[in-house]
Amino acid sequence: MGKSFKIAVLSGDGIGPEVMAEALKILDAIQDKYSVVFERTFANVGGIAIDVDGKALPEQTVATCKASDAILFGSVGGPKWETLPPDEQPERGALLPLRKIFGLFCNLRPAIIFPALTSASSLKEEVIDGGFNLLVVRELTGGIYFAEPKGITGEGSERTGFDTMKYSDAEVERISHVAFQTARKRSSKVCSIDKANVLSTSVLWREVVERVAKGYPDVELTHMYVDNAAMQLVRWPKQFDVMLCGNMFGDIISDEAAMLTGSLGMLPSASLAEGTFGMYEPSGGSAPDIAGQGIANPIAQILSASMMLRYSFGMIEAADAVDAAVEKTLNQGFRTGDIFQGLDGERKVNTVAMGDAIIANL
Ligand code: IPM
Ligand code: MN
């Protein structure tokens, strides 16, 4: 028997458990093929954790994650918990502390148009032709999300809400290295996103990125103001390869990039710490409207498991095999409802059948 890896499985709410079941089936198949063992421990997170344990991220769940090599995350949230105070809601109450506790400073969010699905994009055919494949590298544990002071003070019309936008040299340097190293394995282009015409944070950001770039003379670096970048993304997305962003700009740009692919249910993400620990989750949400019906698209969850194999377990060959199996399944015409367009050769399938088809292609 070969290696063994420990995975904390946090399926969460909505479609989370349904799509997670398919990702775990894929991991079963990988175990057999590559003689590895994936030890899984299930733990509550999000709304289900609020209901069962009284909060979105229970201590027991944190302990399970600490004892693991990686976290495979489903999705959290739903109408049932939307009236709770913001800090206690499933999304904020679970995701932000997980990022902080585990030092998940680097968020990789690929936005890929699969050739079989170009017509699902909201962009015109000539803009999309040939597809695109870009990667948002988002700093995830700093910036305006976490810097202090933040809060609400005062009374009446003087009541004031405030947040602090702040980045240290070291924080920018660390995420920049990831962007340049990742770009080297792609088409060697980094576009750094900032607002250096207004914000001091961004002036420093740009200086540090320039300095780090000197160590990567083979990678082409450009800079773009975030407002222009938002515009360029819809105008001509193919100009981008790696987009390097701070926390808040990356939050916005990655949603925009994801939607351009027309297939939110298809995109995975990775949140990485220094070393090999990481958390892997689909980019789409918990989709409460279709939860429990067995019709959700499991591909984002499956591709998230593939990113886990790649980045936390170093199983590049297995990850490539999963990615290829997904692409082949799409080329064969298998479609869950969200990506079914009624075109010739398409076969509408449910969650389980999509998982089975991908395994058959593995
Ligand atoms: C995301 C989400 C989170 C964020 C929220 C739910 C806290 O939008 O992962 O992009 O803003 O980072
Ligand atoms: Mn977001």
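1. Asn297. In this predicted model, Asn297 sits in the loop that runs between β12 (278-282) and α10 (299-311). Its relative accessible area is 7%, and since buried means under 20%, Asn297 is buried. Leaving aside its neighbours within four places in sequence, Asn297 is in contact with Val19, Gly265, Met266, Thr336, Asp338 and Ile339. With one of these residues, Thr336, there is a side-chain to side-chain polar contact of 3.3 Å. The side chain of Asn297 also reaches the backbone nitrogen of Ile299, at 2.9 Å.

2. α10 against α11. Helix α11 covers residues 316-331, and α10 packs on it at an angle of about 160°, with the two axes 7 Å apart. α10 is therefore roughly antiparallel to α11, the cut-off for that class being over 145 degrees. The crossing of α10 and α11 is left-handed. On the α10 side the contact uses Ile299, Ile302, Leu303, Ser306, Leu309 and Arg310. On the α11 side it uses Ile316, Ala318, Ala319, Asp320, Val322, Asp323, Val326 and Leu330. Sorted by class, the residues of this contact are 10 nonpolar, 1 polar and 3 charged.

3. Leu330. Leu330 has a relative accessible area of 2% and is buried. Beyond its neighbours within four places in sequence, the contacts of Leu330 are Phe114, Ala116, Leu117, Met266, Ile299, Arg335 and Ile339. Met266 and Ile339 are also listed among the contacts of Asn297. For a distance across the chain, take Leu330 and Ser121: they are 209 residues apart in sequence, and their C-alpha atoms are separated by 15 Å.

4. α6 against α7. What angle do helix α6 and helix α7 make where they pack? For α6 (residues 169-184) and α7 (residues 200-213) the angle is about 50°, and the axes lie 9 Å apart. The two helices are therefore oblique to each other, and their crossing is right-handed. From α6, the residues in contact are Asp169, Val172, Glu173, Ile175, Ser176, His177 and Phe180. From α7, they are Leu204, Trp205, Val208, Val209, Arg211, Val212 and Ala213. The contact of α6 with α7 has 9 nonpolar, 2 polar and 3 charged residues.

5. Ser192. Is Ser192 buried or exposed? Ser192, in strand β8, has a relative accessibility of 0% and counts as buried. Its side chain makes a polar contact of 2.9 Å with the side chain of Trp205, a residue of α7 that also takes part in the contact with α6. Neighbours within four places in sequence aside, Ser192 is in contact with Trp205, Val209, Leu221, Thr222, His223, Met224 and Leu244. Val209, like Trp205, is one of the α7 residues that meet α6.

6. α8 against α9. Helix α8 (residues 226-235) packs with helix α9 (residues 247-260) at an angle of about 10°, and their axes are 10 Å apart. α8 and α9 are therefore roughly parallel to each other, as angles under 35 degrees are classed that way. Val226, Ala229, Ala230, Leu233 and Val234 of α8 make the contact with Phe249, Ile253, Glu256, Ala257 and Leu260 of α9. By class these residues are 9 nonpolar, no polar and 1 charged.

7. Backbone points to check. Most residues other than glycine have a negative phi, and most peptide bonds are trans. The bond between Glu148 and Pro149 is a cis peptide bond, with omega about 0°. Pro149 lies in the loop between β5 (133-139) and β6 (151-153). Ser188 has a positive phi, near 60°, and is located in the loop between α6 and β8 (189-194). Ala287 likewise has a positive phi, near 40°. Ala287 is in the loop between β12 and α10, which also holds Asn297. With a relative accessible area of 23%, Ala287 is partly exposed, whereas Asn297 is buried.

Notes:
Residues are numbered from 1 along each chain as its sequence is written. Chains are lettered from A and ligands numbered from 1 in the order in which they are written. This is a predicted model: local features need pLDDT of at least 70, side-chain atom pairs count only at pLDDT 80 or more; totals for chains, interfaces and linings use all residues. Side-chain values use heavy atoms; hydrogens and water are left out. Axes are lines fitted to C-alpha atoms, for helices over the stretch in contact, and angles run from 0 to 180 degrees between N-to-C directions. Helices (H or I, at least four residues) and strands (E, at least two) are DSSP runs, numbered from the N terminus. Angles under 35 degrees count as roughly parallel, over 145 as roughly antiparallel, 65 to 115 as roughly perpendicular and the rest as oblique. A crossing is left-handed if the near helix is turned anticlockwise from the far one by less than a right angle, and right-handed if clockwise. Contact means heavy atoms within 4.5 Å. Ala, Val, Leu, Ile, Met, Phe, Trp, Tyr, Cys and Pro count as nonpolar, Asp, Glu, Lys and Arg as charged, and the others, Gly among them, as polar. Buried means under 20% relative accessible area, exposed over 50%, partly exposed in between (1.4 Å probe, protein chains only). A polar contact is a pair of N or O atoms within 3.5 Å; within protein, one must be able to donate a hydrogen and the other to accept it, and residues adjacent in sequence count only if both atoms are side-chain atoms.
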